[in-house]
Amino acid sequence: MDYRKLGQDITELVGKKDNIARLTHCATRLRFELHDISKAETEKLKALPGVITVVNNGGQYQVVVGNEVQQVYRVITQQMGSGTRSADSRSDTGKNNGPKQKQSWISRFISVISTTFTPVIPAIIGAGMIKAILAVLVLTGLVTTESQNYYILNTIADAAFYFMPILLAYGASIKFETSPILAMTVAGVLLHPGWSTLMAEGKDVFFIGVPVRLTDYAGSVLPIIIVVWLMSYIERFADRVSPSMIKFFTKPMIVLLITAPLALVAIGPFGTYLNDLVAMGAEAINARASWLIPLLMGTLQPFLIVTGTAWAMTPIATSQLTKNGYEMINGPGMLASNIAQGGATLAVALKTKNKKLKQLAASSGFTAVLGITEPSLYGVTLKLKKPLIAAMIGGGVAGIYAGLTGLVRYAFVSPGLAALPAFIGSNPMNIVHAIITCLIAFIVTFALTWIIGFEDPVDDDEEGNANVNDDKALSGQPVQDVPSQNELRPLTIASPMQGELVHLDRVPDDVFSLGLLGKGAAIIPAKGELYAPIAGEVTAFMDSKHAVKLNGSNGEEVLIHIGVDTVNLKGRHFDSSIKVGDRVQQGDLLISFDIDAIKAEGYEVITPIIIANSDRFPDIKLEKQRSVEVGATIMHLS
């Protein structure tokens with residue numbers, strides 16, 4: 001996978017870097033907040049190789065790319081540079097002059113929670129896995145709860161939860177566009193040892209005559225989010241009233257002097273009250289109908305993921321983990337749902353005759369049973385529909401069992417087979433119930449998927465035909481007739497330009513020179529004109545006009561990329577009137593470009609000509625290196 005190109009393409013199609021107000025990522029998806037969502041080209045994004053799907057929910061524009069999300073994220077943040085905010089690049093001013101999208105209060109709430117928690121997830125998952133490992137060590141007798149080894153490891157695991165307000169202050173500062181350092185400092189005030197000392201003494205506490213409620217903020221969620229939200233307004237006020245000559249001193253002083261006392265006297269206690277109220281409601285439901293929450297989570301988790309509302313339950317779950325050492329809100333139902341997704345997808349992998357779908361379902365199904373379901377959900381079950389219904393039923397049935405048996409999760413990890421140790425705790429039967437929940441979810445869903453079936457995309461490879469139609473059907477592209485193998489004959493690719501024909505290894509870009517996108521050749525152009533090397537359809541054409549892809553009537557797919565990194569020119573020095581869907585004949589002029597101007601800006605003009613579906617043509621022969629004219633044969637395919 002060419003992560004660099006994928007990141008560049010995604011940036012272009014979300015409206016370029018200037019349209020990105022904020023970017024974070026989770027395990028499988030890029031989470032954009034865009035200034036103007038109408039600029040995003042959703043259908044083109046969905047058609048990009050490497051993009052599973054696009055979801056616009058919860059106040060975020062989410063591009064699902066699977067397990068390689070970190071590599072793509074790095075590429076995009078590098079392109080964004082200092083001109084755009086990301087989770088890792090944030091100015092201290094908190095100013096954002098871009099237009100705001102109107103959202104419902106539910107969407108705003110989900111957006112706040114997701115943006116706040118996304119940067120924190122690695123810390124609490126890492127701490128959760130240490131908790132899980134520690135549980136296994138205690139269970140096997142390798143470590144005792146009285147040992148110093150246990151104490152140290154448990155302290156490491158507890159740190160992320162104890163200091164949760166500080167971690168969340170960073171995420172909240174990103175959402176509310178305020179200073180991360182000042183936000184984390186205010187969170188530190190809430191957790192200061194001096195505050196714990198006052199609580200231990202049990203005396204009444206007053207600040208300028210106003211009573212201060214003694215509250216333990218360790219592991220709390222809602223108080224700091226509310227505090228940082230208010231601080232964002234206080235910081236803007238401080239910015240306005242501070243004289244420019246001494247703003248460096250006065251602005252942070254005003255922010256801390258107003259925000260911290262308000263947090264201790266009013267906002268913190270109010271947030272704690274809300275936090276406790278929500279937790280009490282969840283526990284009351286669980287006490288009266290223990291099966292209800294896991295049933296709903298096991299059944300509706302796919303819907304919550306698609307709509308982006310899965311984040312809504314996270315504050316309750318983390319609060320329960322901090323206070324009780326376990327939680328029953330997210331973990332049990334998510335375990336049932338994740339395993340059910342895996343069961344449905346693996347059933348598809350075994351039953352389908354489509355080779356592309358079989359490969360996708362096998363890999364994403366395995367990932368799903370381990371705990372990451374987005375590739376399975378967006379890539380397989382949501383598209384096929386019936387397996388998704390089976391997964392929701394199987395997840396619901398397993399959720400009922402989890403609820404009736406009182407299954408709980410002892411650590412914050414994505415529930416799946418890889419995270420089963422997170423269900424080992426004080427109740428020795430808890431892990432047994434977790435395993436049975438997995439078995440129920442998998443067996444019921446697998447059987448239902450197998451019985452009710454699904455509409456299997458046609459794959460006629462076994463009859464000797466190319467599978468181009470299946471690939472296009474799965475990617476949403478128009479399907480064209482492809483001749484059977486008996487009708488195919490050796491194909492030739494004509495030179496699309498005048499210049500010097502060379503091997504791909506001459507291209508100063510590993511993606512091309514190593515053949516990662518396919519086999520082919522390259523031409524060092526002598527004239528700035530690109531002509532069609534085959535007759536066919538234009539199936540891809542970048543707005544920057546530097547690259548075009550043609551699909552021929554015999555199944556060949558030819559990608560031509562003028563220059564290296566020329567996407568950065570954003571169309572400068574290129575001219576073309578073609579568009580996706582156009583039919584062209586061999587020798588038709590596709591693109592004109594100014595060689596000298598491109599070189600003057602520091603870019604190479606060597607042009608790779610790639611057979612994008614090289615796997616269909618086991619024997620690709622290149623003509624000897626030489627000077628070529630437009631229309632001369634440069635490659636033979638068979």
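This is a predicted model: local features need pLDDT of at least 70, side-chain atom pairs count only at pLDDT 80 or more; totals for chains, interfaces and linings use all residues.
Residues are numbered from 1 along each chain as its sequence is written, and side-chain values use heavy atoms, without hydrogens and water.

**View 1. Aromatic pair of tyrosine 326 and tyrosine 410.** Rings of Phe, Tyr and Trp (its six-membered ring) pair if their centres lie within 6.5 Å; planes under 30 degrees apart count as stacked, over 60 as edge-to-face and the rest as tilted. The count by this rule is 7 aromatic pairs. Tyrosine 326 and tyrosine 410 are edge-to-face, at 6.5 Å centre to centre and 75° between the planes. Tyrosine 326 is partly exposed at 31% relative accessible area, while tyrosine 410 is buried at 16%.

**View 2. Stacked pair of phenylalanine 442 and phenylalanine 446.** The ring centres lie 5.8 Å apart with the planes at 20°. Phenylalanine 446 is partly exposed, at 21% relative accessibility. Phe442, Phe446 and Trp450 form one aromatic cluster.

**View 3. Charges over the rings of tyrosine 233 and tryptophan 450.** A charge sits over a ring if NZ of Lys or CZ of Arg is within 6 Å of the ring centre and within 35 degrees of the ring normal. The charged end of arginine 236 is 5.1 Å from the ring centre of tyrosine 233. Lysine 351 lies over the face of tryptophan 450, 5.4 Å from the ring centre.

Key: Buried means under 20% relative accessible area, exposed over 50%, partly exposed in between (1.4 Å probe, protein chains only).
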